[in-house]
Amino acid sequence: MATLDLLRLVAALAVVCFHYLFRGEIAADGHGQAFAAASSVAIYGYLGVNLFFIISGFVIAWSAEGRDFARFALARFARLYPGFLTCMAITFVVLLIAANPAFGVSWAQFAANLIMFAPALGQPFMDGVYWSIILEVIFYGWVATALFFGVFGRWKTGLLLSWLVVCALNEYGLDNGALRLVFVTEYGPLFVSGVLLHHMHAHGRSLEHLAMLAASFAMSTAAMTGVRDWMLLHYGEAVGLPGLVAANLAIYALAIGAVATADRVAPGKTILMLGGLTYPLYLLHQNIGYVAIAAIAPVAGAWSAFAVVLVAMLLASWAVWRFIETPARRAIIRAAGPYADRAAQFRPARPASAVPAE
């Protein structure tokens, strides 16, 4: 879907601008360069992650439809891990060579990041943006589990409603960290919104699903206040509440608009490339960008450093997508596909047919 590929690029560039033009100046592990003319707009860029989560919900629901759990899991691994491993290794090498005190790395950190869940082994992520990839992986795991038990398509509405209830109970009452991680309760409504958008796009709208989408929007808006408080604590600056509501309206409007106008934008190689490079761009840009801007800006100026680093990140991301990620994904699926087909035979019987399919 070409419109979603373009929207992914918009979301990725928003996050890049947030890090380079706002956070980089004020964070202790930033580049220290000021971009006063752009920071008041760039501060909104972190919400690109929220847009990513909605798009992910849509795409994963689409990917899961009609697929068995083993093929789905294989496709997600092949899509996620080769790019992650490559970008993590590149980041490690660059930071090791740069020897910037703010970005010290170690071989123990590198080894822990090989499994993606580095904090579980007592090591920090190689790059700060990895936290959102972990939430994506958890979401994929729950979808794969639902496919394994044969309930994703048949009980989709009930599963989504249950997820929203768990999110509400934890975010507005229990405030349990383990539940927040395992059930992604802070950002769950965004994933739910994406799944609902796909379901309504593929199967038609209903009052029930529209009501759930409205509830997801309200919950995702409320969750923004928690991030706002965190930013005030750590950065001393954050988007005001009216701005957050307006931004979330814009995020949902963009997502809904991209789905509604999908048939008006023809897919092509260029759009496929632009959508494809967003994942490595997201993984590569932050810490490498901070180090590079800090090194270039004293010589060429802050804005020239920003331009050079942005272009370099786009080119590097394209190279990772074109020469590593895409061939590796195809090779993994080709090699492991037969084993996935065998694994798909070993799963519980389907739920009772008395439950109507959605």
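Methionine 116 lies in the loop between helix 5 (107-113) and helix 6, helices here being DSSP runs of H or I with at least four residues, numbered from the N terminus. This is a predicted model, in which local features need pLDDT of at least 70 and side-chain atom pairs count only at pLDDT 80 or more, while totals for chains, interfaces and linings use all residues. Residues are numbered from 1 along each chain as its sequence is written, and side-chain values use heavy atoms, with hydrogens and water left out.

**Loop residues with positive phi**

- The phi of methionine 116 is near 75°, a positive value in a residue other than glycine, and at 9% relative accessibility this methionine counts as buried (under 20% relative accessible area; exposed is over 50%, partly exposed in between, with a 1.4 Å probe and protein chains only).
- Aspartate 175, in the loop between helix 7 (156-174) and helix 8 (177-182), also has a positive phi, near 55°, but aspartate 175 is exposed, with a relative accessible area of 53%.

- The 19 residues of helix 6 (residues 130-148) should span 27 Å at 1.5 Å a residue, and the end C-alpha atoms are 27 Å apart, which agrees; the expected span is 1.5 Å times one less than the number of residues.
- Just after helix 6, glycine 150 takes a positive phi of about 70°.
- Phe139 is among the members that touch the most others in the largest nonpolar core, which has 107 residues; such a core is a set of buried Ala, Val, Leu, Ile, Met, Phe, Trp, Tyr and Cys residues joined through side-chain atoms within 4.5 Å.
- Leaving aside residues up to four places away in sequence, phenylalanine 139 touches Ser56, Gly57, Ile60, Trp163, Phe191 and Val195, contact meaning heavy atoms within 4.5 Å.

**Packing of helix 1**

- Helix 1 (residues 2-26) and helix 13 (residues 278-300) pack at an angle of about 15°, with their axes 10 Å apart, which makes helix 1 roughly parallel to helix 13 (an angle under 35 degrees).
- Helix 1 and helix 14 (residues 302-343) pack at about 145°, with their axes 12 Å apart; this contact is made by Leu13, Val16, Cys17, Tyr20 and Leu21 of helix 1 and Trp303, Phe306, Val309, Leu310 and Met313 of helix 14.

**Glycine 275**

- Glycine 275, found in helix 12 (residues 269-276), is buried, with a relative accessible area of 0%.
- Glycine 275 and leucine 6 are 269 residues apart in sequence and 6.0 Å apart in space, C-alpha to C-alpha.

Notes: Helix = DSSP H or I, 4+ residues; strand = E, 2+ residues; numbered from the N terminus. Axes fitted to C-alpha atoms, helices over the stretch in contact; angles between N-to-C directions. Parallel < 35°, antiparallel > 145°, perpendicular 65-115°, else oblique.
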